[in-house]
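Subject: Model handover

Hello,

Here is the structure for your files. My notes follow below it.

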Amino acid sequence: MSLGHPDSANSANSANSANSANSANGANSAKTAESAHSIGLTQAEVDQRIAAGETNDAPDANSRSLASIVKENTLTWFNFLIGSMWIVMLIVAPWQDSLFGLVIVANTLIGTIQEYRASRTLEKLAVIGEAKPVVRRDGSDQEISAAQIVLGDLIVLRTGDQLVVDGEIEQSQGLEIDESLLTGEADPVDKHVGDSAMSGSFVVAGSGYMRATKVGRDSFAAGLTEAAKQFQITNSELRDAINKFIRYVSYFLLPVGIALLLSQLFRAKLPLDESIRGTIAGVVTMVPEGLVLLTSIAMAVAVIDLARKRVLVQDLPAVEVLARVDTVCADKTGTLTEPGMQVQETIPLGDVGLADIEAALGAVAASQPNANPTLIAIESSYPNPGWQITESVPFSSARKWSSAAFVDRGTWILGAPEMIDPSNSSMLVHANKSAASGARVLVLAKSAASVSSDENLGVVDSVALVVISQTLRSDAAETVTYFLSQGVNVKVISGDNAETVGAIASQAGVPGADHPYDARNLPDNTDEIADVLSTTNVFGRVTPAQKQAMVDALHLQGKTVAMTGDGVNDVLALKNSDLGIAMGSGSGATRAVAQLVLLDDQWSVMPSVVAQGRKVLGNIERVADVFLTKSFYAMIVSSATVIFAVAFPFLPRHLTLVSALTIGIPGFFLALMPNTERFRPGFFRRVLLFAVPAGVIAAVAAFTSYGVALYFDEPIFNAQSGATITLFIVTIAVLAQSARPLIAVRLLLVAAMIAAFVAVLYIPFLSNFFLLSLGPERYSIISIVVGLVGALAVGIATKITDQWRRGP
């Protein structure tokens, strides 16, 4: 919804605008008039308050400093564990066996840099997308950032504004504030002079002025941010699954590590340094240290890519959530239609002349404290005749009408025909006929009695219909087609006339648009609403509370819901949805609660956002497949080493090499490659179905190769080389299976890793460095044969588990 100025009436009428408050505030008119002409703080007073620290320096839940990013990437439990073992390894073994520590350092640096880049990019976009409050200083209104507000500032309140500080109302022109996000109270609260207002609430109707009484960390919203808001983060299946993996692996680390050390010392009779080296090799390999890192990097890169498309991501997991969305609820105005409206025609309904109708339209439009796009269109077509206002009721999305009373002119009402004169069947027939073309239709009516926002309208005389044209966005139909092709259901939910919404939705290609549903007939029960939603996609005359209830009903059906909107009437639904998406030109309250903000108002960018989410989810699943395979084969090999009381089958440098070539390096590239696969629920289950059999096969093959070499009395060096070669062959097969479909770039990546391993085997410097060799000896033949059998087993196992992975 476009935002106007509280003094947006024609200049000829400005002297009377202070007296146009709702009649409920008549007792305060003298104080109101005085407040309206207040100069606010002077610049000297502002400077004095800044010097005293009385500024709105509130915590920002979305802001991350470099120090916090470094701390989050560095001071982790796994980094502490691996860092400690790195230090021990440097003491007891050759430095080549400590390479795993350098890998952790490199990973941490890469992760920190990527997250810092993403954070700075978001901060730059946030400045552009920031809702800027208006304050009155030195007698003039100034738009400033929320952080620049000081104690005692006089803040201009307009429909759609979110309050960023606590304050006391000093002027009210039909001011209604929604506090539901703070108190849970569903109905807007009428605010009169002297009433308090809390930060975090938002204006749904009327206008006024508020004196800031609590700013910064003293304000109500700041307390929410520090105490609770940080925990109200977007639900992320990916994050939850990875945390579950890590938790399960953690349970095995200590007992397996202790058992392995004791086995090496007392059963295999190895020296202390050799025992420690083997134990550390097993424990380090169990840790999926790079999985969290690569997930963060993939998310950060996605955020940067979206920023280039002018999409502000206010909650990092939101990138993932849109890939899981199966239902998109779109507002009509500003989402499917182009911004801006024009009066198409005015249709007289009675004996009132066209000149008087046009004068009344101009007067009603000018009487409103801040004009929405509809009133702006009327105001631009019909000038203000200068009628003297006695009282007015501002437009509200819940009421769907506004009114104004004038001296010697009576009371005039402008709004939705069905809400103003529902019993006038002939007028409604005319209105629906015009609405069927996709136009917005209002009725201008006259009332003999005064009108109040707290009471239902009485008998009115419908004078004229006003037809306002709206144009479908050129890219709306293409975007709807994309969603439908991807199995995403599109529902259009609007406060406009059902016939109007149906016509626009039909042009956009929304299924079922020829049978729009009038939400005035919507049941109150959530289960019954869910039944209606299961068969209907287009809704008109929806109130803000009904939008919220419809999102709740979709959740009841197990749907993952994205809600797009731009007006204050969309705030509650955006807050309740799985993913709230606001237009950059939308109200400040709408942008504040949304996880994504489309800064250029282009709904057509949504397919790009979906693609980013799918890329993150699909690629991280590939990476998780190989990381968890490593954890499983490390646990099994370590357990087998304990059971058979032998030296550990690998040197730490061997596992570092295999992990780097089959997991770390390819995983980094796989995490960032394009991926258009549709989202499927069950991430945790699918990864386990892949990783468990693959890990078992890799462990059995490697330990078999090692055991056979020892059985034929091969030196430990040869046995370990053979086990490493076998492990590489099997795990490169695991990588190839995870990277499917093996398009050219992925095939090239797998081939490059094989070439790198062969280079290590045959380049003397590298062969000596990693203590690996491959020749015509018996252990080499055994290792290759066992490795190839293991690779074949991986292929067969994957073919079997693929059937289960496609399950529910």
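At 42% relative accessibility, L262 counts as partly exposed (buried means under 20% relative accessible area, exposed over 50%, partly exposed in between, with a 1.4 Å probe and protein chains only). This is a predicted model: local features need pLDDT of at least 70, side-chain atom pairs count only at pLDDT 80 or more, and totals for chains, interfaces and linings use all residues. Residues are numbered from 1 along each chain as its sequence is written, and side-chain values use heavy atoms, with hydrogens and water left out.

L262 is found in helix α9 (residues 237-267); helices here are DSSP runs of H or I with at least four residues, strands runs of E with at least two, numbered from the N terminus.

Salt bridges (a side-chain nitrogen of Lys or Arg within 4 Å of a carboxyl oxygen of Asp or Glu) number 19 in the structure. D496 takes part in two that I would point out: one with K332, closest N and O atoms 3.1 Å apart, and one with R440, at 2.7 Å from N to O. R440 lies in strand β14 (residues 440-447) and D496 in the loop between β16 and α19, so this pair ties together parts 56 residues apart in sequence. D496 is buried, with a relative accessible area of 4%; K332 is buried at 0% and R440 at 15%.

D600 and R310 form another salt bridge, with the closest N and O atoms 3.3 Å apart. D600 is partly exposed at 39% relative accessibility, and R310 is partly exposed at 28%.

Regards
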